[in-house]
Amino acid sequence: MDPVATVTGHAIPLPRADVDTDQIIPARHLKRIERTGYGEFAFEYWRKNDPDFVVNRPEYQDAPILLAGPNFGCGSSREHAVWALQQMGLRAVVGTSFADIFRNNSAKMGLLLAPLEPADVGYLMQRAQDTPDAQITVDLPTQSVSIPGGWRRSFEIDPFVKHCLLNGLDDIGLTLQHEDAIAAFEAQRPALLPRTKR
Amino acid sequence: MPPRTLAQKIWDAHLVHREESRPDLLYIDLHLTHEVTSAQAFDGLRLNGRRVRRPDLTIATPDHNVPTVDRDKPFPDPLSQQQVDALRVNCAEFDVPIFDVLDARQGIVHVIGPEQGLTQPGMTIVCGDSHTSTHGAFGALAFGIGTSEVEHVFATQTLPQRRLKQMSVEVTGQLPPWGTPKDIILTIINRIGVGGGVGHVIEYRGDVIRNISMEGRMTICNMTIEGGARAGLIAPDETTFAYVKGRPHAPAGDDWDAAVARWRTLATDPGAAFDKEVVIDGTEIEPHVTWGTTPAQSVPVHGDIPDPDAFDDPAARETAQRALDYQRLQPGTKITEIPLDRVFIGSCTNSRIEDLRAAAAVVRGRRVADGVRAMVVPGSGLVKAQAEEEGLADLFRDAGFEWREAGCSMCLGMNPDILQPGERCASTSNRNFEGRQGPGGRTHLVSPPMAAAAALAGHFVDLRELF
Ligand code: SF4
C-alpha cells in the first residue's frame, strides 16, 4: 500500500445513516478476480436511479473526501467496498462512526477514516452542500480535520494503524517477523484440534 | 487471574504475541474460504512468493455465485464461472481442500463448517465473510475479515486484532409458541440498533438461549453482525457437545473426553465484567417482520408500518422515510396486508434441516398462493439430501415450491436467483438492504415458518391465527 499522510480537497456530503456495503458496491459486481474495475459501480443504485444523487453532480467530481453519516460501511466484509471508494477517487472519509470490518479493510488499503463528533460532521456537510468546492484537509500526522480560516478538530486513530498508513507498511511482513512466536505457538497446540485434511 | 468472559478466555488462549500499542497477534484455528473474497488474496500470495501456511486448517467451498440448478453445465454467467474456476485452480495450487460444486458436501460456508464438525468450542475461526459470526454458536470466537486479512491468514495463520469490548445480551424466561430464534435475533437488533454492537463481541446468555437447539443458536449468532458486532457467542454446553459428537472432524475416543473437559472450562466466570449489558424478556418475543431496509426496522407481525413522523430523532425519521419510499409502503398499513411476489427460504441464517422442517410443518397439505413464486434453497448438499430423505423436498414441491441445489442464492443475488425490480419478497435471509436480492427488489426478513405461511397466503400471516 502507498503511504498516506495528508488529504486535501473538496468533499462529497452523503448525509445518510447506515450506508451499507451493498450500497457502496452491489454484490453482482463482486465477480471480478482482480482488485481493480470497481470505481464505476460505487453507489451504483443511487447513481442510476437519482440523477441528482450527490455523487452524480458535476461540482463534486474528483473530490478526494467523503463526508459520511453514522455506521458507514455496515454489512458485509467485502473489501471491494474500499476498493470501489478508492477507485472512484476517494482517499479519506470523514464521518461519525464506521463499521468494524470496513474500518479494518480501510486500514489495510490506505483509505484514511477520520471519525468526528456528529455536530462537526454536520457542520462540514452543510458547508460542502452550500459550497461544493470548499476545501477540507485531513491530516494524519496531527490527527486533525481542518478548513481554511482556523476551524480544526482532532480525530482518534489506532496508533498502529496510523504507523502503518504513514509508512505504507504491509502487515504480513511485520507479522512474519514473529515467525518464532508463531512456530512456538503451533508446537504447543493440542493435537486434538480439527484439521481439514489428514 | 481476574474473572474472564468466554470470549476473553478464547482470546487469551490464542495469543501469539502481545506488544505495547500494537494489536494482539492471534492464532487462527480454522480459515473458511469461498470464491468471492479469496481470488485477490491468493494473487497476493503469488505476487510475494508466499504459500498458504496451514492448508490443513483451511477449507474452501464455492457458495456465493453457484447456480442452484443445472450444476453439471457451465454457469450462465461467465464471470461467476471464472470466479469459481479461479477458486478451484487456487486451491489446487496452494493445496487447500475444497468441497467443489458437485461434491455432496458443498454448501454455504457457514453451514458446512458445523456440519463437518470442523467448528468446535474454544476455536478461533475466520472467513472472508461477515456472517462468520454463525460459528460463535459453538462457543468459538468467529468473525468476518476482508480480503487483505484473508491473505494475512493464508500467509501466517495469524491475525493482528485490536481487543474487543465485551457485551452481554441475556434473553430471559421462556419463548412463546411461534417465537423462533430468528424472531429473537430480530428483536435484539431492533432493540440495540444496527450499530449497537460496534467494537464489541456479544455473548448471548439466559434461559431462552440455553433451551434452544444448536441450529437455532446458529441463527442467532449469524445475525450478530446485523447489530454491528463482529462476533457473537454462546457458551458450549451439553447441547453443543451432542451436536458435535460423531461428526466427521469431531474428536473421537479418548480425544473426545479430553476435548469435552477443555470445552467445559470455557464458560464465562462468575463476576466477569461486561462493558455493555442488555436484558430481553423472552416471553414477549413475537414473530417479527422487517418493514424497512435495515434489519433493525422490524415490527411484530400483528403490527402496522410505522409512521416516520412518530420518531423523535430526526435522523431516525429520515432513515425511516427513505426506507418506506424504497419499500413503497405507507404508514399504518397492516403487516398482514402486504402482498408478496416471492418467497425465499434459505441462506446461512435459515437453511439448515430444522429450518426446513419448521417451514415444511406449516406447508404440509397446503399450496403456494397463485401469483407467488416460492423457492427453497438448502444450506448444503447434505442438508438437501437429508430433507429429500425425510420427504420434505416432495412436500415442498407438491405445494408448488421450487426445490434447489445448495448455495447462497437469492440471499445476495450473485447467481441467477434474483428479484426483479419492484418485486417484494419474504425472505429467511439476513439482510434487507436496498437491492440486496436484486436491484429494485424489496425484502422483508422473517423466520422459516413465517416465510412458508406467507407463501401459502400471498401475504404475511400471523401464525398464531393460522393454527
Ligand atoms: S447465505 Fe447470504 S449472508 Fe450467508 S454467506 Fe451466503 S451471501 Fe453471505
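## Helices α12 and α13 of chain B

In this predicted model, the axes of helix α12 (residues 353-363) of chain B and helix α13 (residues 381-389) of chain B come within 10 Å and cross at roughly 40°. Axes are lines fitted to C-alpha atoms over the stretch in contact, with angles from 0 to 180 degrees between N-to-C directions; helices are DSSP runs (H or I, at least four residues) numbered from the N terminus. The crossing of α12(B) past α13(B) is right-handed, the near helix being turned clockwise from the far one by less than a right angle.

Ile353(B), Leu356(B) and Arg357(B) of α12(B) meet Val383(B), Gln386(B) and Ala387(B) of α13(B), contact meaning heavy atoms within 4.5 Å.

## Ligand site

The ligand is surrounded by residues with a heavy atom within 4 Å of it, among them His64(B), His110(B), Asp129(B), His131(B), Cys348(B), Cys408(B), Cys411(B) and Arg436(B). This shell divides into five nonpolar, five polar and two charged residues. Ala, Val, Leu, Ile, Met, Phe, Trp, Tyr, Cys and Pro count as nonpolar, Asp, Glu, Lys and Arg as charged, and the others, Gly among them, as polar.

## Basis of the model

Residues are numbered from 1 along each chain as its sequence is written, and chains are lettered from A and ligands numbered from 1 in the order in which they are written. Local features need pLDDT of at least 70, side-chain atom pairs count only at pLDDT 80 or more, and totals for chains, interfaces and linings use all residues, while side-chain values use heavy atoms, without hydrogens and water.

Methods. Helices (H or I, at least four residues) and strands (E, at least two) are DSSP runs, numbered from the N terminus.
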